[in-house]
Amino acid sequence: MNEATAMPRSPKELSPLHVEAVTAAVAESQRPATRRVYDVMWRQFKAWTEGEGLSSLPAEPLTVAAYIVHRDACGRSASTLSMDLRAIGHHHRAVGLPSPTTTDAVRRTAAGLRNKAITCGRAKPRQARGLTAAHLEAIRETAHLPRSGPSGRTETPEMAKRRGDMDIALVAVMRDALLRRGEAVALRWGDVDFQSDGTSRVTIRRSKTSNSSAVLYLGVHATVDLKRIRPKPPDPNARVFGFRRGGTVSYRIAAAARAAGLGDGFSGHSPRVGMAQDLTASGAGLVAIMVAGRWKSERMPAHYSRKEAVGGGAVARYYG
């Protein structure tokens, strides 16, 4: 039998060690934050399949469809279900297996759950909870306490101090300057001007609604918080908070709020909303708040602070 007519050899199965090595290499293609989220989602999926006596790798499409139905019944949002599917698909592709999430059955199941959420009114975006001055004080008191990460490892006191300083500065600066997430990410040390009276000014080069720059005020407390994280000497081109994505800003603020016992609902938009509410409660007019937050319309700041505005309304003034 010559080479042309020889029977093809059966492919040799890779050892678990090889599979693990490939998985680890593929995992490095994801950003660390993405990997952590995918790992959490994957562990939850594995735990559910084990409890149901089903295979997680490879997973049957019907298994994946049943899982997201289960997650929907537990109150998980459409965005969480989408992340579930991405994590499951990632872990299959990492070992050379086709993703069960791309099948028609899974896609139709996901679409049906989204439609049901819209019908039930669950898909309507929720306003971020305002992070008020009182909330900031609660974060100040708890930010330096060591936390445990997704891996179960607890921060050292030094790590907790550094992370806590960054969290406090992030929230304080975003509140005083009413920053959007992207503006906080883009802020550089060269954009910060410390004043002799203990306050400071930050320059926003461009924003979501404008390509022109704006100079914003930071009070004494936020300035002190900012100086605490300032490197010596600071690189004018370095990012103040070191983040590259707005999602990281939201994650840090939400985590800080939970650690302070404030509950859920906080995001990267919360400091901006909370300051608008505090300004309204202190008697600031809508136009002044629009200027501070660079809003082009009064609709959103009026919406954010509608409850606080009631306290200064005609009926409240009538009763003195």
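Student: What does Ser-56 touch in this predicted model, leaving aside its neighbours within four places in sequence?

Tutor: Ser-56 is in contact with Trp-42, Phe-45, Lys-46, Thr-49 and His-92. Contact here means heavy atoms within 4.5 Å. Ser-56 sits in the loop between helix H2 (32-52) and helix H3 (61-73).

Student: Why is Ser-56 called buried?

Tutor: Its relative accessible area is 12%. Buried means under 20%. Ser-56 therefore counts as buried.

Student: Which peptide bond in that loop is cis, and how do you know?

Tutor: Look at Leu-57 and Pro-58. Omega of the bond joining them is about 0 degrees, and the bond is cis. Pro-58 lies in the loop between H2 and H3. Most peptide bonds are trans.

Student: What makes the bond from Lys-232 to Pro-233 cis?

Tutor: Omega again: the value is near -10 degrees. Pro-233 is in the loop between H9 and H10.

Student: Let's turn to helix packing. How are two packed helices described?

Tutor: By the angle between their axes and the distance between the axes. Take H7 (residues 157-176) and H9 (residues 220-229). Their axes come within 8 Å and cross at roughly 140 degrees.

Student: Why are H7 and H9 called oblique rather than roughly antiparallel?

Tutor: Roughly antiparallel needs an angle over 145 degrees. The crossing is at roughly 140 degrees. Roughly perpendicular covers 65 to 115, and roughly parallel is under 35. H7 and H9 are therefore oblique to each other.

Student: What is the hand of that crossing, and which residues meet?

Tutor: The crossing of H7 past H9 is left-handed. From H7, the contact takes in Lys-161, Asp-165, Met-166, Ile-168, Ala-169, Ala-172, Val-173 and Asp-176. From H9 come Ala-222, Asp-225, Leu-226, Arg-228 and Ile-229. By class, that contact has eight nonpolar, no polar and five charged residues.

Student: Ala-172 is on that list. What makes Ala-172 buried?

Tutor: Its relative accessibility is 2%. The cut-off is under 20%. Ala-172 therefore counts as buried.

Student: How do you know that Ala-172 meets residues from elsewhere in the chain?

Tutor: Leave aside its neighbours within four places in sequence. Ala-172 is then in contact with Leu-136, Arg-140, Ala-222 and Asp-225. Asp-225 is 53 residues away along the chain, yet the two C-alpha atoms are separated by 7.4 Å.

Student: Why are H7 and H10 called roughly perpendicular?

Tutor: H7 and H10 (residues 246-259) pack at an angle of about 105 degrees. The range for roughly perpendicular is 65 to 115. H7 and H10 are therefore roughly perpendicular to each other. Their axes are 10 Å apart.

Student: Which residues make that contact, and how do they divide by class?

Tutor: H7 brings Arg-163, Met-166, Asp-167, Leu-170, Val-171 and Met-174. H10 brings Val-249, Arg-252, Ile-253 and Ala-256. They divide into seven nonpolar, no polar and three charged.

Student: What makes H7 oblique to H11?

Tutor: H7 and H11 (residues 270-281) pack at about 50 degrees, with axes 8 Å apart. Roughly parallel is under 35, and roughly perpendicular starts at 65. An angle of about 50 degrees therefore makes H7 oblique to H11. The crossing is right-handed.

Student: Which residues of H7 and H11 meet?

Tutor: Val-171, Met-174, Arg-175 and Asp-176 in H7 meet Pro-271, Gly-274, Met-275 and Asp-278 in H11. By class, the contact has four nonpolar, one polar and three charged residues. Gly counts as polar here.

Student: What stands out about phi of Leu-178?

Tutor: Phi of Leu-178 is near 50 degrees, a positive value in a residue other than glycine. Most residues other than glycine have a negative phi. Leu-178 lies in the loop between H7 and helix H8 (181-186).

Student: Is Leu-178 buried or exposed, and how do you know?

Tutor: Relative accessibility is 2% for Leu-178. Under 20% is buried, so Leu-178 counts as buried.

Student: Why does Arg-294 count as buried?

Tutor: Its relative accessibility is 15%. That falls under 20%, so Arg-294 counts as buried. Arg-294 is in the loop between helix H12 (286-293) and helix H13 (299-304). Phi of Arg-294 is positive too, near 55 degrees.

Methods:
Residues are numbered from 1 along each chain as its sequence is written. This is a predicted model: local features need pLDDT of at least 70, side-chain atom pairs count only at pLDDT 80 or more; totals for chains, interfaces and linings use all residues. Side-chain values use heavy atoms; hydrogens and water are left out. Axes are lines fitted to C-alpha atoms, for helices over the stretch in contact, and angles run from 0 to 180 degrees between N-to-C directions. Helices (H or I, at least four residues) and strands (E, at least two) are DSSP runs, numbered from the N terminus. A crossing is left-handed if the near helix is turned anticlockwise from the far one by less than a right angle, and right-handed if clockwise. Buried means under 20% relative accessible area, exposed over 50%, partly exposed in between (1.4 Å probe, protein chains only).
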